[in-house]
Amino acid sequence: MIIRNIKTALTLLAVSSVFFAFTIAQTDYSGTWKLNEGKSELGQFGARSAASKIVIEQKTGAVTVTRTLATMDVTESLVEGKEVETTGFNNAKKKATLKWAGDGQTFVVNGVILLEMNGQSFELTTVENWSISADGKTLTLQTTVTTPQGEFSSKGVYDKQ
């Protein structure tokens, strides 16, 4: 009886180890993506508020995003669950954290941007929801920015190149 219980316990341990070792595959966002203004909803700031091109390099648990803006490229190397800091336009500092959804299909990047202008500091919070169409040809980036003047939302739709 004791040997049978030990065998059962070992079997359950082995099965649970396999179960917990199994990881859900993450959707591959890698590639070059071009803004489709006609499908996007960019709000009051229009196309100047969105990246015209996004290049993504993805490895397990990490995503490097390079955004082409009007006057510069900004690159963020995001690692799931780890806060990273990047420098953007006007030397603004952004701290951001990447979190994959449980199904591995989408991810969210939560960020805080510190801007210094005319001797004043401003803090903006950002929430970016990233998703890809089932056929892998369309990237949607839903962004909400909270500023001292209020909240602004936009939806950038990008076509794979």
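Reader: What volume does the largest pocket have?
Author: This is a predicted model, in which local features need pLDDT of at least 70, side-chain atom pairs count only at pLDDT 80 or more, and totals for chains, interfaces and linings use all residues. Residues are numbered from 1 along each chain as its sequence is written, and side-chain values use heavy atoms, with hydrogens and water left out. On a 1 Å grid over the protein atoms alone, a pocket is an open set of points where a 1.4 Å probe fits, with protein on both sides within 12 Å along at least five of seven lines; points are joined across faces, edges and corners, and a volume is the space filled by probe spheres set on them. For the largest pocket that volume is about 1400 Å³.

Reader: Which residues that line the largest pocket are the closest to its centre?
Author: Lining residues have an atom within 4 Å of a point. The largest pocket has 43 of them, and the closest to its centre are Arg-48, Ser-49, Ile-113, Leu-124 and Val-145.

Reader: Which strand gives the most to the lining of the largest pocket?
Author: Strands (E, at least two residues) and helices (H or I, at least four) are DSSP runs, numbered from the N terminus. The elements that give two or more residues to this lining are strand 4 (73-79), strand 5 (84-87), strand 6 (93-100), strand 7 (107-117), strand 8 (120-132), strand 9 (138-147) and strand 10 (150-160). With 6 residues, the most is given by strand 10.

Reader: How many residues of the lining of the largest pocket are charged?
Author: Ala, Val, Leu, Ile, Met, Phe, Trp, Tyr, Cys and Pro count as nonpolar, Asp, Glu, Lys and Arg as charged, and the others, Gly among them, as polar. The lining has 21 nonpolar and 15 polar residues, and the charged ones number 7.

Reader: Is Thr-27 buried or exposed?
Author: Thr-27 lies in the loop between helix 1 (2-21) and strand 1 (31-35). Contact means heavy atoms within 4.5 Å; leaving aside neighbours within four places in sequence, Thr-27 is in contact with Gln-58, Trp-100, Gly-104, Gln-105 and Ile-132. Buried means under 20% relative accessible area, exposed over 50%, and partly exposed in between (1.4 Å probe, protein chains only). The relative accessibility of Thr-27 is 16%, so Thr-27 counts as buried.

Reader: Is Asn-118 buried or exposed?
Author: Asn-118 is in the loop between strand 7 and strand 8. Although not a glycine, Asn-118 has a positive phi of about 50°. Its relative accessibility is 80%, so Asn-118 counts as exposed.
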